[in-house]
Amino acid sequence: MSRQSVFAYELTWPEYDRRVRGGDTPMMIPVGALEQHGHHMPMHVDVLLPNEFARRVAEKVGALVAQPFTYGYKSHPKSGGGNHLPGTTSLDGATLVSALKDVIKEFVRHGVRKLAIMNGHYENSWFIVEGVDIALRELRWDGIRDVKIVVLSYWDFVTDATIEQLYPDGFTGWDLEHGGVLETSLMLTLYPDLVRMDKMVDHAPASFPPYDVYPVNPDWIPASGTLSSPRNASKEKGDILLEVCTSGIVDALTAEFALEPKARASAA
Ligand code: ZN
Ligand code: MN
């Protein structure tokens, strides 16, 4: 008999109810975006990657994975190319905050007490924190005080040693990695059929003045839509990134939720 899916929405409601009632099973919520990712990748990279990290981590720690948020907060010129670019389709900050708050409170109503928000889009970061904060505040008003929420972005688990190994010519920072080596390498490992390296645009890393201007000046952004070149991306780098981030997230959730990974996984 095959094991049950880790995707919560693939269960029947009685199966789901058995898993989440009592609060032991962590629920992981991937939060992505619909955003252009250059000429060589599709626009749902920021959904695919956190969803797949969540699936892999859930297998190891006995968690469930919720339906991902497939839209996110607006793309910023310095971290996503900007919200003026064709295809990029975003939510207002208040919409994302409110929707995430609603979903967190629904899972808590079902019995979930351990949640992990898996961010895949840089610009979502503070809006996730706000949704989490408001959800916890409203739950406290309802007398519910035993909910713990881990908030993470998978790229923060890349270690300094891995950065040195993967970026021998120097690392420009995660914000400029939009459509660059990190995301492209992970996509080459996980979804090679969705990557078209023959279409990639090779260019110097974007450089910005130390301030922002609104309305956005499109001339600041490389015409490709990426902020650094994907030229040095490879499946080998993707394999390393996948391993280091997955194991880092497993360790974090195991510690924060006091889980026993091996025992949980085999008992699931
Ligand atoms: Zn991205
Ligand atoms: Mn993004």
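Where does Ala258 lie? In this predicted model, in which local features need pLDDT of at least 70, side-chain atom pairs count only at pLDDT 80 or more and totals for chains, interfaces and linings use all residues, Ala258 is placed in the loop between H8 and helix H9 (261–267). Helices (H or I, at least four residues) and strands (E, at least two) are DSSP runs, numbered from the N terminus. Residues are numbered from 1 along each chain as its sequence is written, chains are lettered from A and ligands numbered from 1 in the order in which they are written, and side-chain values use heavy atoms, with hydrogens and water left out.

Phi of Ala258 is near 50°, a positive value in a residue other than glycine. Ala258 has 61% relative accessibility and therefore counts as exposed; the class exposed requires over 50% relative accessible area, buried means under 20%, and partly exposed lies in between (1.4 Å probe, protein chains only). A cis peptide bond, with omega near 0°, runs from Tyr214 to Pro215. Pro215 belongs to the loop between helix H7 (181–190) and helix H8 (235–256).

Two metal ions are present in the model, the zinc ion (ligand 1) and the manganese ion (ligand 2), 3.3 Å apart, and Asp46 coordinates both. Donors are N, O and S atoms within 2.8 Å of the metal (3.2 Å for Na, K and Ca); water is not among the atoms, so sites may look incomplete. Asp46 is in helix H2 (residues 45–61) and His121 in the loop between strand E3 (114–119) and helix H5 (125–141), so the pair ties together parts that are 75 residues apart in sequence. Both Asp46 and His121 are buried.

The zinc ion (ligand 1) has His37 (NE2), Asp46 (OD) and Glu183 (OE) as its protein donors, at 1.8 to 2.1 Å. The spacing of these residues in sequence is H-x8-D-x136-E. His37 is buried, as is Asp46.

The axes of H2 and H7 come within 11 Å and cross at roughly 60°. Axes are lines fitted to C-alpha atoms, for helices over the stretch in contact, and angles run from 0 to 180 degrees between N-to-C directions. H2 is therefore oblique to H7; angles under 35 degrees count as roughly parallel, over 145 as roughly antiparallel, 65 to 115 as roughly perpendicular and the rest as oblique. In the contact (heavy atoms within 4.5 Å), H2 contributes residues including Val45, Asp46 and Leu48, and H7 contributes residues including Glu183 and Leu186.

Four strands form an open sheet in the order E2-E1-E3-E4, with parallel pairing. Strand E2 (64–65) and strand E4 (148–153) stand at the edges, each with a single partner strand, so one side of each is left without a neighbour in the sheet. Two strands pair if DSSP finds at least two bridges between them; E3 and E4, which run parallel, are joined by six bridges. Ile117 stands opposite Val151 in E4. Helix H4 (residues 93–110) lies across strand E1 (27–31), E3 and E4, at about 165° to E1. H5 also lies across E1, E3 and E4, and runs at about 175° to E4.
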